[in-house]
Amino acid sequence: MADTLQHPADRTTPAAGRAATSATSAATTTVEITGDPLSVADVVAVARHGAAVRLTDRALGSMAASRAVVEDLADDDRPHYGVSTGFGALARRHIPTGKRAQLQLGLVRSHAAGSGPEVEREVVRALQLLRLATLATGRTGARPVVAETYAAMLNAGITPVVHEYGSLGCSGDLAPLAHVALAALGEGPVRVATGPEEGGERVDAAEALAAAGIAPLELREKEGLALINGTDGMLGMLCLAVDDLHRLLTTADVAVASSVEALLGSDAPFAEDLIAMRPHPGQAASAANLRALLAGSPVVASHRTFDADGRPECTRVQDAYSLRCAPQVHGAARDTLDHAETVAGRELASAIDNPVVTVDGRVESNGNFHGAPVAYVLDFLAVAVADVASMSERRTDRFLDVARNEGLPAFLADDPGVDSGLMIAQYTAAGIVSELKRLAAPASVDSIPSSAMQEDHVSMGWAGARKLRRAVDGLGRVLAVELMTAARALDLRLAQLSEAGGGMARPGSDNSQMAPAVGTGAVRDLLRTAVPGPGPDRFLAPEIDAVTRLVADGGVAAAASGAVGPLR
């Protein structure tokens, strides 16, 4: 991929609060492949955290039953797609019995036509797992040994080399899946790792299989087709993005609370009765997080007065939209994520192949391999990610402008003019946001016909997934810049309020020991373990990276939740 942003796949730290359902750690987790739907957490456990897989007897029995159907058709005089015919535009070509093994082998070899940089290890493992799960449904007609080989490769840490380009998102993620299948045949390159955080040494597949004691597959009728016809790549990347975004959208709420407090913003617009007037569930969840994080803040209280009846009134009548409307934007992103997770769940419950072996023993062609359902939500998420990041960058910028930052020094510099403070950190966030807007342009509205016009409309879902990964990474970096900026601003604000004594406080209060809210204070304290507080100019890139890691590994969200209770 391009070098501006890092893929979230390049890190392997667990997402806070998003553990796999099957066990508590990668070392002990085993995800059972039964033929029933996997969960998003199962996919993350295997793909990201190196969990093992185990095929159950029920899954192997289902495969054996459907394989018997395919073998009964092998000698049938009537054409059966993928069993006794060619593929795609060559589907009307009858293939004699003696050439059918060659047909399947040639299919895999010819379709392993990817190009470009290698795809991340966690994406390939997700791809392997999801194809294995579909095989285990018994709807593909592949032999049990095919699934057993895929399971053994996953458990041995053998990751086929898959390339950036090659999938149009229809007839499945053909080239990526073909590279995985080729490795199972003992051909092509793979990477072998002993742990989830290792990239692994690049070796020939035959060498890796032999070292692991895995016999290379020899394909029979339909099996090559069964290994490459699925939306597994784009679905795997959707599952990983869902895992990332649950953490990042909570972190976005933490960033908002930190900014509202340090910018002397009001928490009044987040009141439960006001939010309930527009009953979107995501908006309600985000506002509840903000209320919890800002509860009891002496800084927020410092600019509150009381009316004649003793009720608190904030002197900030209306904050800027980037503060006041955060629950509305973050809530819309949360609701979009919920929809995407619903689609992911439906796809995880699907058996995608063409043709399929039906429950009553028919072998039927179908169009379930079209990636549109996944492609759309991948694009929807990229839009939401760009908007959340855009709002975050606006709050960062507000901190640095003396006309809008409520009395803080220009650029939060130690000696403005001599020092530039966080001026260029905002440039970094702005540059990322600009790229995220480009990445929000939908891939799914494009289509380039292929296979001599047999495949004349495609989803481009793989491309949508690739750009979403880049966008998710960018969101984490933008939030890190905001959090770093808000923490510095909060330190400066506390010093300012303490020096002011009671001048800014409500009647009878004392600012001499001013402190942040419990939640925002915990996050500020966490950041201070990685980056220093205000001071003269220093090398900022390592500090941005350090806070980005705290965002990415769930540390920020965990610190906030640990202080105020579970956040939504």
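This talk walks through one protein chain, from its overall make-up to a few local details.

Some ground rules. This is a predicted model, where local features need pLDDT of at least 70, side-chain atom pairs count only at pLDDT 80 or more, and totals for chains, interfaces and linings use all residues. Residues are numbered from 1 along each chain as its sequence is written, and side-chain values use heavy atoms, with hydrogens and water left out.

Start with the whole chain. It has 20 helices and 11 strands. Those are DSSP runs, numbered from the N terminus: helices are H or I with at least four residues, strands are E with at least two. Of the 568 residues, 56% are buried. Buried means under 20% relative accessible area, exposed means over 50%, and partly exposed is in between, with a 1.4 Å probe and protein chains only.

Now contacts, meaning heavy atoms within 4.5 Å. Take those between residues at least 6 apart in sequence: 77% join residues at least 24 apart.

Next, one helix pair. Two packed helices are described by the angle between their axes and the distance between the axes. Our pair is H1, residues 40-47, and H4, residues 121-136. Their axes come within 8 Å and cross at roughly 125°. Axes here are lines fitted to C-alpha atoms, for helices over the stretch in contact, and angles run from 0 to 180 degrees between N-to-C directions. So H1 and H4 are oblique to each other. Angles under 35 degrees count as roughly parallel, over 145 as roughly antiparallel, 65 to 115 as roughly perpendicular, and the rest as oblique.

Who meets whom? From H1 come Asp42, Val43, Val46 and Ala47. From H4 come Glu122, Arg125, Ala126, Leu129 and Leu130. By class, that contact has six nonpolar, no polar and three charged residues. Nonpolar covers Ala, Val, Leu, Ile, Met, Phe, Trp, Tyr, Cys and Pro; charged covers Asp, Glu, Lys and Arg; the others, Gly among them, are polar.

On to the backbone. A cis peptide bond joins Asn354 and Pro355, with omega about -5°. Pro355 sits in the loop between helix H14 (326-348) and strand E10 (356-357).

Last stop: the loop between helix H15 (372-400) and helix H16 (423-439), where Glu406 is found. Glu406 is not a glycine, yet its phi is positive, about 60°. Leu412 lies in the loop between H15 and H16 too. Its phi is near 55°, again positive in a residue other than glycine.

Are these two buried or exposed? Glu406 is partly exposed, at 39% relative accessible area. Leu412 is buried, at 2%.
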